[in-house]
Amino acid sequence: MLIRQTLAYSPAQILSPLTQFATAIILTHYLGAAEYGLTMLVFASQELIFQVCLAWWTTYFLRYAGSHQEAEARARLARTESAVLLGTAVLQVLATMALVTFGGQTPTLAFLLGACLYVLTRSYVNFLSERARRDVRILDYTLLQLGAPLGGLLLTLLLIATFGASPARILLDFALVHAVIALIVALRMGALALPGRPDMGLLRAALAFGVPISISNLFGWMAAQGIRFVVQFGAGATALGLLSVGWGLAGRLATVSAMVVTAAAYPLAVRAMDAGDAEGARRQLAHNSALLLGLIAPSTAGVIAITEPFVTLLVASEYRAATIAILPWALLGAAIRNLRMHGWDQMYLLFEAPRSMVTMEGLEALVTLIAAALGLYWAGITGAVIGTTIAALLVAIADYAYLNRRFGLHAPFGFYLKIALATAVMMLALYGMPKIGLPILPTVKGLVLAILTGMVTYTLVIGALFFREIRSGLRDWRARHG
């Protein structure tokens with residue numbers, strides 16, 4: 001079930017972050033460091049604003065929508081949901097204006113308008129995506145997650161070729177595409193409803209469950225993106241732009257692996273909990289974490305091995321030196337953070353312990369920001385990234401120890417070890433290529449050869465190490481479909 005669901009969601013979960021990854025690279029060729037840093041700050045801030053203003057509702061919906069099946073209950077849910085969307089839209093506009101102003105520059109009216117519309121439309125896309133995921137509407141989920149960023153990128157490139165590049169218009173381009181796709185999908189899903197009097201009991205329940213999680217997500221965002229503000233105020237707008245390339249690429253690459261599993265895996269664990277099978281939910285999360293590591297480890301290690309030719313080929317020359325220096329550390333930190341957040345930390349939601357989650361995420365945010373500031377003082381933007389990576393490792397160790405003791409989380413360390421071994425063999429193969437006359441050159445051909453070498457090596461070693469599990473899985477599949 002996990003693998004089948006994962007494969008169904010994989011086009012959106014792989015191609016969407018890759019599209020955002022491509023956007024981050026392409027814009028380095030059109031925007032200066034200060035403009036690039038400010039634009040990427042809006043992109044990243046949208047995630048923060050969504051988590052603060054709207055994620056409390058989407059979290060509640062994802063976890064408890066199954067309990068509202070009767071017609072009257074669904075009507076109350078729809079009325080309350082529409083009122084929530086309307087009310088939080090005002091909060092999102094205010095938050096966007098505050099964050100753009102807090103960015104350290106005086107924005108133009110056009111940029112402020114673009115930022116507000118981008119945040120509103122992207123948040124609505126995120127909201128609809130959670131609804132589609134809960135209802136297993138894979139086509140709608142794919143349209144939202146892939147169509148929105150891809151359409152925005154294509155429209156941006158078209159208009160850049162005609163009118164040139166500006167941060168304000170880039171944000172407006174994406175906002176327009178988001179709005180069109182969101183409207184189409186909302187009509188398909190029947191998700192449009194007139195705002196009505198919200199059900200106060202339902203609203204209180206959603207706030208009680210979702211607000212602690214939103215606070216936790218806020219702290220999580222600060223841990224993942226707070227370094228941008230540390231660098232902005234500690235080293236200036238140009239340094240922020242130089243940081244943003246490597247930091248953004250690392251985050252998107254890690255997300256490709258993490259969300260491939262999470263989109264399909266978490267609902268399976270929820271079903272087990274709804275059926276009263278707490279132990280089954282624990283096993284599901286353990287399996288999820290193993291599959292997650294199996295995707296994160298080789299992708300992270302592979303990009304680290306080819307960082308210099310990869311960056312040289314794709315990133316504009318102004319950003320190359322800084323990106324080559326920080327990308328490996330940023331990748332490692334993002335991998336650790338995603339394994340914890342999308343693997344282990346689902347326990348907090350399943351066992352309804354949001355306050356504990358808030359405490360852990362708050363600790364991570366505090367430790368990470370302090371480490372980033374100390375690293376920036378010690379060794380510039382590279383030192384800031386190294387500091388956040390060390391913080392991510394320490395927090396992950398503490399987080400696992402707590403979840404193990406309180407909720408009985410038992411990670412499959414035997415599987416982890418096999419994955420680590422396969423990843424190490426892959427790394428040896430990549431680093432050994434130049435020694436056999438196959439240097440990894442900064443060309444499309446050179447990178448494709450390196451990627452294929454890594455993929456084949458990892459696949460063969462994983463196949464050998466998990467031979468019994470694969471054979472058992474194939475036997476079960478044949479029994480069900482034979």
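Arg131 is buried, with a relative accessible area of 14%; buried means under 20% relative accessible area, exposed over 50%, and partly exposed in between (1.4 Å probe, protein chains only). Arg131 sits in helix H5 (residues 109-134). Helices (H or I, at least four residues) and strands (E, at least two) are DSSP runs, numbered from the N terminus. This is a predicted model: local features need pLDDT of at least 70, side-chain atom pairs count only at pLDDT 80 or more, and totals for chains, interfaces and linings use all residues. Residues are numbered from 1 along each chain as its sequence is written, and side-chain values use heavy atoms, with hydrogens and water left out.

**Whole chain**

- The protein chain has 17 helices and zero strands.
- Of its 482 residues, 54% are buried.
- Contact means heavy atoms within 4.5 Å. Among contacts in the protein chain between residues at least 6 apart in sequence, 80% join residues at least 24 apart.

**Arg131 and its surroundings**

- Arg131 is in contact with Phe61, Glu81, Met189 and Ala191, leaving aside neighbours within four places in sequence.
- Phe61 lies 70 residues from Arg131 along the chain, yet their C-alpha atoms are separated by 7.6 Å.

**Helix H5 against helix H6**

- H5 packs with helix H6 (residues 138-163) at an angle of about 155 degrees, and the axes are 8 Å apart. Axes are lines fitted to C-alpha atoms, for helices over the stretch in contact, and angles run from 0 to 180 degrees between N-to-C directions.
- H5 and H6 are therefore roughly antiparallel to each other. Angles under 35 degrees count as roughly parallel, over 145 as roughly antiparallel, 65 to 115 as roughly perpendicular and the rest as oblique.
- The crossing of H5 past H6 is left-handed. A crossing is left-handed if the near helix is turned anticlockwise from the far one by less than a right angle, and right-handed if clockwise.
- H5 contributes Arg122, Val125, Asn126, Leu128, Ser129, Ala132 and Arg133 to this contact, and H6 contributes Asp140, Tyr141, Leu144, Gln145, Ala148 and Pro149.
- By class, the contact of H5 with H6 holds seven nonpolar, three polar and three charged residues. Ala, Val, Leu, Ile, Met, Phe, Trp, Tyr, Cys and Pro count as nonpolar, Asp, Glu, Lys and Arg as charged, and the others, Gly among them, as polar.

**Helix H15 against helix H16**

- H15 and helix H16 (residues 444-465) pack at about 145 degrees, with their axes 9 Å apart.
- H15 passes H16 in a right-handed crossing.
- On the H15 side, the residues are Lys418, Ile419, Leu421, Ala422, Thr423, Val425, Met426, Ala429 and Leu430. They meet Ala450, Thr453, Gly454, Thr457, Tyr458, Val461, Ile462 and Leu465 in H16.
- The contact of H15 with H16 has, by class, 12 nonpolar, four polar and one charged residues.

**Aromatic pairs**

- Rings of Phe, Tyr and Trp (its six-membered ring) pair if their centres lie within 6.5 Å; planes under 30 degrees apart count as stacked, over 60 as edge-to-face and the rest as tilted. By this rule there are 14 aromatic pairs.
- Tyr124 and Phe127 have ring centres 5.9 Å apart and planes at 20 degrees, so the pair is stacked.
- Tyr124 and Phe127 are three residues apart in helix H5, which means a separation of about one helical turn. Phe127 is buried, at 1% relative accessibility.
- Tyr400 and Phe413 have ring centres 5.4 Å apart and planes at 80 degrees, so this pair is edge-to-face.
- That pair links distant parts of the chain: Tyr400 is in helix H14 (residues 354-407) and Phe413 in helix H15 (residues 413-432), 13 residues apart.
- Tyr400 is buried, with a relative accessible area of 15%, whereas Phe413 is partly exposed at 47%.
- Trp344, Tyr400, Phe413 and Tyr416 form one aromatic cluster.

**Two further buried residues**

- Gly333 lies in helix H12 (residues 317-344) and is buried, with a relative accessible area of 4%.
- Gly333 is in contact with Thr389 and Ala392, leaving aside neighbours within four places in sequence. Gly333 and Ala254 are 79 residues apart in sequence and 9.4 Å apart in space, C-alpha to C-alpha.
- Thr39, in helix H2 (residues 33-53), is buried at 0% relative accessible area.
- Thr39 touches Leu31 and Pro167, not counting residues up to four places away in sequence.
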